[in-house]
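Hello,

Here is the structure I promised to pass on to you.

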Amino acid sequence: MYINATGYYIPEERVTNEHFAEIAGLTDEWIVQRTGIRTRSRARADENVNTMSLQAVRNTLPSLPYDIRDVDLIISSTYSPFDTVGTAAHVVQREFKIEGAKAFMMSSACSSFSNALEVVEGYFAMGKAHKALIIGGDKNSAYSNENDFKAGHLWGDAAVAFFLSNVRVSENDCEILEVYTEALGCTGKGPEGIQLRPRDGGISMPEGKDVFVRACTIMPDNARRLLSHQGYTFDDMAYFIGHQANLRILKNIASNLRLPEEKVLSNIEELGNTGSASCALVFAQNRPRFRKGDLVCISVFGGGYSAGACLIRI
């Protein structure tokens, strides 16, 4: 499976930590020390997952090596849909006149994009699709409760687009060597760890300590699993991209694996936790710095609990 083109959309507005000093009594120092977040991206009132997804796709088109109408599978991966019927996948299909494509939305919390990659892999293996588009995005600000002392200050908004094919179509393609996902509902606090109940307080993280501990263990374990299965070690890896939930988690992983700081890519300091877009967004933002042959490992941990990882050769 190959990545043919990537693009993204990040809203212009940034919400600073000072905003939460007024609302929740949290100081800039307190937030930075515990999360590493200094600002977070904030979508406008007239923006949503559908509009951000459309813009992410538009921003990708200049680098797409084929007609977008060649796409035969479109997946929207999100846990904050604007419309659960007219999904971002269908809106993109209509806007770009991608007739005949399969289109649907799927969700597995922050692991949604990894699960979408695995679904695409399955469609390709069955011969039911040959070119796919995954749009990962969340408008967390539509559901976040800024008065929530534990998690109201974490969330950012963004969308990212990946075009994929079952065969190489360009010398600029990146090869996905392996994708792995897992459901972890029986692990730790499971479904109670992170919640999004729109009529009951929005996004919350009542079991933040459990989330931290599990993420620090599961994300590096899954990265190790893929590297080992492909005959590599962490020394062979050029870059590690972990889920952008908390900078302390990423630093903990880097320390335990003895990874140099420059190998661990992040955007959480500026954008906050962008949910389903998270890791794929970091990859798309940093694609110009990657060099041919680089190994990039993405590993994510999300609510439910859920997890996923993929190993990419540039």
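This is a predicted model: local features need pLDDT of at least 70, side-chain atom pairs count only at pLDDT 80 or more; totals for chains, interfaces and linings use all residues.

Residues are numbered from 1 along each chain as its sequence is written, and side-chain values use heavy atoms, with hydrogens and water left out.

**The sheet**

Nine strands form an open sheet with mixed pairing, in the order 5-4-6-7-1-8-13-12-11. Strands here are DSSP runs of E with at least two residues, helices are runs of H or I with at least four, and both are numbered from the N terminus. Two strands pair if DSSP finds at least two bridges between them. At the edges are strand 5 (102-106) and strand 11 (239-242), each pairing on one side only. On average, neighbouring strands are turned by 20° against each other, direction ignored (axes are lines fitted to C-alpha atoms, for helices over the stretch in contact, and angles run from 0 to 180 degrees between N-to-C directions).

Within the sheet, strand 6 (residues 131-139) and strand 7 (residues 157-165) are antiparallel partners over nine bridges. Leu133 faces Phe163 in strand 7 as its opposite residue. Helix 5 (residues 112-126) packs on the sheet, and the strands it touches include strand 6, strand 7 and strand 8 (174-183); contact means heavy atoms within 4.5 Å. The direction of helix 5 makes about 115° with that of strand 8.

**The aromatic rings**

There are six aromatic pairs, counting rings of Phe, Tyr and Trp (its six-membered ring) whose centres lie within 6.5 Å; planes under 30 degrees apart are stacked, over 60 edge-to-face and the rest tilted. One of them is the tilted pair of Phe162 and Phe283, at 5.7 Å centre to centre with 50° between the planes. Phe162 belongs to strand 7 and Phe283 to helix 9 (residues 278-286), 121 residues apart. Phe162 is buried at 2% relative accessible area, and Phe283 is buried at 0% (buried means under 20%, exposed over 50%, partly exposed in between, with a 1.4 Å probe and protein chains only).

Tyr239 and Phe290 make another tilted pair, with 5.4 Å between centres and 45° between planes. Ring pairs join Phe113, Phe162, Tyr239, Phe283 and Phe290 into a cluster.
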